[in-house]
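Open the model in your viewer and keep the sequence panel beside it. The stops below say what to select and what is there.

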Amino acid sequence: MCRNCGNESPKWIGKCYSCGEWNTFVEETVITGKPKAGAARDGIMPSNKKPVPVSHVSVDELPRIDTGINEFNRVLGGGLVPGALVLLGGEPGIGKSTLVLQMALQLKEQTILYISGEESPQQIKLRADRLSDVLGEHCLIAGETSVERILTHVENIKPSLLIIDSVQTMACENLESAPGSISQIRESAATIMRVAKEKNLPVLLIGHITKDGTLAGPKILEHIVDVVLQFEGDRHYMYRILRSAKNRFGSTSEIGIFEMRSSGLREVSNPSEMLLAHHDEPMSGIAISAAVEGIRPFLIEVQALVSTAAYGIPQRSSTGFDLRRLNMLLAVLEKRAGFKLAAKDVFLNIAGGLRVVDPAIDLSVVAAVLSSNTDLAIRKDVCLAGEVGLSGEIRPVTRIEQRIAEAEKLGFKSIVIPKYDRGINFGNFKIKSVQAGKLEEAFKYLFT
Ligand code: TYD
Ligand code: MG
């Protein structure tokens with residue numbers, strides 16, 4: 001079975017013909033049990049459940065459990081839904097266990113069962129002491145890796161929330177394969193899901209994502225669970241972003257931002273203030289972008305450094321921004337705006353160690369590069385939003401009014417926006433909006 005995509009083959013093969021990955025095939029034992037008693041013979045089975053018209057399905061407003069962490073609630077779509085299976089994925093060391101434990105300690109009204117297959121209860125206690133001064137009488141910890149025994153605990157304790165850290169360490173005893181193998185993960189998750197749905201028990205599963213794929217990636221779980229969350233960030237920086245990749249109970253466009261501190265994760269409810277470095281004087285090579293991640297606008301600083309290439313081939317390096325996109329933007333600058341960047345090294349950095357995918361930061365990337373190249377600083381009270389097209393045009397971006405509002409809220413005096421963004425009610429804003437259709441127009445405003 002392929003560890004990457006779950007494809008099956010009757011013999012070992014080096015390259016998976018389904019997903020194209022190399023060396024991902026592992027042997028899995030297939031259980032061929034007898035069909036259960038009462039199973040249908042001809043594929044037909046009597047059912048006592050009648051299909052009902054969709055208009056007759058009763059919808060009680062789903063009661064949600066407030067996690068006590070606003071950013072977490074927001075990503076979940078308003079809190080944990082009873083009976084929901086939530087998968088929290090992320091690279092090792094990013095802070096998944098910390099986030100979950102912090103939440104568990106705050107939920108004092110609930111009984112929480114925290115199963116850890118990775119750390120001993122002592123280690124968890126040490127971390128809990130570091131995170132909060134809550135006694136944690138309501139949070140029960142067990143070091144357990146057997147799914148059957150976990151279910152016994154669930155039966156005895158009747159928790160209102162079950163946390164499993166991590167799903168890769170869990171195993172069903174009736175399966176012979178090792179913990180972390182595809183069949184174990186799938187079987188464990190399915191067993192836990194059955195119980196969760198039966199008892200209306202919300203379950204938080206933690207899953208690792210490893211690049212080399214030594215443990216099966218939680219990809220196969222994504223179909224089973226109701227919510228898939230990803231915790232990401234650069235381990236060397238303090239910011240962490242919680243995204244949702246799938247949510248059966250809410251939108252996937254929300255994100256949560258946290259900061260990792262020595263006393264645990266802190267919610268960042270106003271990201272702009274954190275991500276803007278404060279300089280007293282304007283400096284060249286810095287442009288402020290009005291970006292949107294998920295549906296939340298925030299301002300972020302883009303820094304560029306352009307210097308004469310020391311060796312023959314100029315270097316291009318970028319942190320937090322797609323390098324190919326940077327190369328494209330440099331080519332646009334070269335061709336459309338006549339700036340000779342071919343013999344220059346270009347370094348680009350998005351402040352705070354965040355990875356931003358919003359195309360609206362293109363304009364500030366271009367402006368920062370140009371500012372560094374000409375050594376002309378951009379005024380501190382200007383920010384930018386716009387996607388740059390191949391012919392040097394500035395293209396409309398989403399949620400422009402929210403960006404303008406955010407810039408105004410943070411005290412900016414003007415914002416450069418795409419010309420062809422229609423339907424903006426400028427009467428709502430005091431900030432000056434400069435509409436630019438081409439790069440030249442934006443540069444004219446910024447540098448003269
Ligand atoms: P952890 O939650 O163990 O990561 P994961 O479960 O995703 O593997 O967090 C690991 C890192 O977080 C660790 O390198 C130390 C850091 N950390 C802090 O900076 N402050 C804290 O209060 C805690 C508990 C951890
Ligand atoms: Mg952990």
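Buried means under 20% relative accessible area, exposed over 50% and partly exposed in between, with a 1.4 Å probe and protein chains only. Helices (H or I, at least four residues) and strands (E, at least two) are DSSP runs, numbered from the N terminus. This is a predicted model, in which local features need pLDDT of at least 70 and side-chain atom pairs count only at pLDDT 80 or more, while totals for chains, interfaces and linings use all residues. Residues are numbered from 1 along each chain as its sequence is written, chains are lettered from A and ligands numbered from 1 in the order in which they are written, and side-chain values use heavy atoms, leaving out hydrogens and water.

**Stop 1: a hairpin**

Select strand β10, residues 286-293; eight of its eight residues are buried. I286, I288, A290 and V292 point one way, and A287, S289, A291 and E293 point the other way. In a regular strand the side chains alternate between the two faces of the sheet.

A290 stands opposite L299 in β11. Two residues separate the strands of this hairpin, and G294 in the turn has a positive phi of about 70°.

**Stop 2: the open sheet**

Now select the nine strands of the open sheet, in the order β3-β2-β4-β5-β1-β6-β7-β8-β9, with mixed pairing. Its edge strands are β3 (139-143) and β9 (264-267), each pairing on one side only. Within it, β7 (residues 239-247) and β8 (residues 255-261) pair in the antiparallel sense over five bridges. L242 has G256 in β8 as its bridge partner.

**Stop 3: two helices**

Select helix α4 (residues 147-157) and helix α5 (residues 182-199), whose axes come within 10 Å and cross at roughly 15°. Axes are lines fitted to C-alpha atoms, for helices over the stretch in contact, and angles run from 0 to 180 degrees between N-to-C directions. Therefore α4 is roughly parallel to α5, a term for angles under 35 degrees. Show V147, L151, V154 and E155 of α4 with S188, T191, I192, V195 and K199 of α5; these residues make the contact, meaning heavy atoms within 4.5 Å.

**Stop 4: E408**

Finish at E408 in helix α9, residues 400-409. Is E408 buried or partly exposed? E408 is partly exposed, with a relative accessible area of 24%. Leaving aside neighbours within four places in sequence, E408 is in contact with F429, K430 and I431.

Notes
Angles under 35 degrees count as roughly parallel, over 145 as roughly antiparallel, 65 to 115 as roughly perpendicular and the rest as oblique. Two strands pair if DSSP finds at least two bridges between them.
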